[in-house]
Amino acid sequence: MLATGGTIVAAIDLLVDRGVTSKQIKVVSAVAAPPALQKLSNKFPGLHVYAGMIDSEVDERGYIVPGL
């Protein structure tokens, strides 16, 4: 799941530090939320994200609503 995007950004940062470009990376997620998608779009132009479903929001704890 991509809720706030913090964990996936950290993972992609590790790849980028090793020379991989964001255009070479594909992210596949069962569920995603707008905050994560916006963060990924802003930080990694050209990144491809594939999500089975996009839920509309996250709650105050950063959990996807309604989520899984």
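**Entry 1: the whole chain**

I began with contacts: of those in the protein chain with a separation of 6 or more, 49% are between residues 24 or more positions apart. I note here that the model is a predicted one.

Next I listed the secondary structure and found two helices and four strands in the protein chain. Read from the N terminus, the order of the elements is α-β-α-β-β-β. I then looked up the radius of gyration, which is 12 Å. The globule rule gives 11 Å for 68 residues, and the value for the protein chain is close to that, so I wrote down that the chain is as compact as a globular protein of that length. The C-alpha trace spans about 35 × 20 × 15 Å along its principal axes. Of the 68 residues, 28% are buried.

I also checked the UniProt record. Its unreviewed entry has the feature "domain: Phosphoribosyltransferase" at residues 1-68. Over residues 1-68 I noted 32% helix and 26% strand, with the end C-alpha atoms 9 Å apart.

Does the length of H1 agree with its residue count, or disagree? Helix H1 covers residues 6-17, which is 12 residues, and at 1.5 Å a residue it should span 16 Å. Its end C-alpha atoms are 16 Å apart, so the two agree.

Just after H1 I stopped at glycine 19, where phi is positive, about 100°. For background, most residues other than glycine have a negative phi.

Within H1 I picked valine 9. Buried or exposed? Valine 9 has a relative accessible area of 9%, which is under the 20% cut-off, so I recorded valine 9 as buried. Which residues does valine 9 touch, leaving aside neighbours within four places in sequence? I found Lys39, Leu40, Lys43 and Phe44. For lysine 39 I also looked up the C-alpha distance to valine 9: the two are 30 residues apart along the chain, and the separation is 8.2 Å.

**Entry 2: strands S1 and S2, with H2 between**

How do S1 and S2 run? Strand S1 (residues 26-32) and strand S2 (residues 48-54) are parallel, and six bridges join them. The chain gets from S1 to S2 by way of helix H2 (residues 34-43), and I noted this β-α-β crossover as right-handed.

I looked up two facing positions. Lysine 26 is opposite histidine 48 in S2, and serine 29 is opposite alanine 51 in S2.

In helix H2 I looked at glutamine 38. Its relative accessible area is 46%, so I put glutamine 38 down as partly exposed. From glutamine 38 to threonine 4 the C-alpha distance is 9.2 Å, although the two are 34 residues apart in sequence.

**Entry 3: near the end of the chain**

Which peptide bond here is cis? The bond from valine 65 to proline 66 is, with omega near 0°. Most peptide bonds are trans. I placed proline 66 in the segment after strand S4 (64-65).

Notes:
Residues are numbered from 1 along each chain as its sequence is written. This is a predicted model: local features need pLDDT of at least 70, side-chain atom pairs count only at pLDDT 80 or more; totals for chains, interfaces and linings use all residues. Side-chain values use heavy atoms; hydrogens and water are left out. The expected span of a helix is 1.5 Å times one less than its number of residues. UniProt positions are given in the numbering used here, feature names are shortened, and annotations may be inferred rather than shown by experiment. Two strands pair if DSSP finds at least two bridges between them. A crossover is right-handed if, with the strands pointing away from the viewer, the path from the first strand over the helix to the second runs clockwise. The radius of gyration is taken over C-alpha atoms; the globule rule is 2.2 Å times the number of residues to the power 0.38. Buried means under 20% relative accessible area, exposed over 50%, partly exposed in between (1.4 Å probe, protein chains only). Contact means heavy atoms within 4.5 Å.
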